[in-house]
Amino acid sequence: MQIFLRHSSLSSKERIEISTMTYLSREDSELLREALRSYSGDCCLEIGFGYGSNLLSLRGRFNLIIGTDVQRTDGFERLGESDIDTVLADGATCFRSRMFDLVLINPPYLPSEEILDKTIDGGCGGFEVAGRLLGQALPTLRSEGKILVLLSSETSKTDFDLFCRDHGLSARLVTCRRLFLETLFVYELQRIDCIIP
Ligand SMILES: C[S@@+](CC[C@H](N)C(=O)[O-])C[C@H]1O[C@@H](n2cnc3c(N)ncnc32)[C@H](O)[C@@H]1O
């Protein structure tokens with residue numbers, strides 16, 4: 001199904017057709033982009049790149065920029081002519097290990113009984129999908145690689161803390177923003193045994 005929407009990051013002249021499976025840039029996407037400003041390196045991956053604005057913001061700071069999405073979003077066409085690689089894939093399952101310096105994820109994070117809308121339904125406690133994507137991202141990280149993940153006060157913090165503990169990860173709060181009904185958090189995850197004091 002296609003709907004017509006006006007998107008804030010498009011030029012004022014543009015009125016384009018955006019498919020309902022494309023997650024348009026929102027406060028969460030913007031907060032993640034803000035946090036991203038201080039990161040650079042060789043290779044980076046965004047899992048669930050949606051319309052591609054986060055990936056575009058990384059140009060010039062990484063040599064190789066790759067995005068995956070499990071749905072054929074309009075981001076594939078938008079980034080088609082660019083030097084950013086896009087892959088229609090589930091999470092990070094298609095990559096060999098130890099490839100990336102940075103993996104970013106703005107997962108679907110709202111608690112839901114079922115996964116009907118892959119852009120927002122986070123499953124049980126809101127961390128079910130995020131936990132699966134983070135689990136796929138970990139083997140693809142270089143030894144000192146980092147993950148930036150956006151979560152919400154709606155997402156189970158207990159499940160997130162348990163995930164970090166079970167996988168030997170430190171979670172540093174990079175930034176947060178209070179909205180009307182929720183608070184958004186961006187965490188930087190790193191393997192504890194790789195942190196340089
Ligand atoms: C909250 S939206 C974020 C979109 C974009 N990264 C942003 O910040 O605006 C979550 C994105 O993850 C994608 N997604 C959900 N499950 C996925 C999976 N298993 N593998 C890859 N992408 C997935 C959705 O299609 C959607 O584009």
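Guide: A residue is buried if 20 or more other C-beta atoms lie within 10 Å of its own, exposed if 12 or fewer, and partly exposed in between, with C-beta atoms placed from the backbone. This is a predicted model: local features need pLDDT of at least 70, side-chain atom pairs count only at pLDDT 80 or more, and totals for chains, interfaces and linings use all residues. Residues are numbered from 1 along each chain as its sequence is written.

Visitor: Is threonine 155 buried or exposed?

Guide: Let's count its neighbours. Threonine 155 has 26 other C-beta atoms within 10 Å, so it's buried.

Visitor: Where is threonine 155 found?

Guide: Helices (H or I, at least four residues) and strands (E, at least two) are DSSP runs, numbered from the N terminus. Threonine 155 sits in the loop between β9 (141-152) and α5 (157-166).

Visitor: How far apart in space are threonine 155 and glycine 123, C-alpha to C-alpha?

Guide: In sequence, threonine 155 and glycine 123 are 32 residues apart. In space, their C-alpha to C-alpha distance is 9.7 Å.

Visitor: How many residues of the shell around the ligand are charged?

Guide: Asp, Glu, Lys and Arg count as charged, Ala, Val, Leu, Ile, Met, Phe, Trp, Tyr, Cys and Pro as nonpolar, and the others, Gly among them, as polar. The shell has 8 nonpolar and 11 polar residues, and its charged ones number 3.

Visitor: Within what arc do the buried residues of α1 fall?

Guide: In α1, the buried residues are Asp28, Leu31, Leu32 and Leu36. They line one face of the helix because, going by directions from the helix axis to the C-beta atoms, they fall within an arc of 145°.
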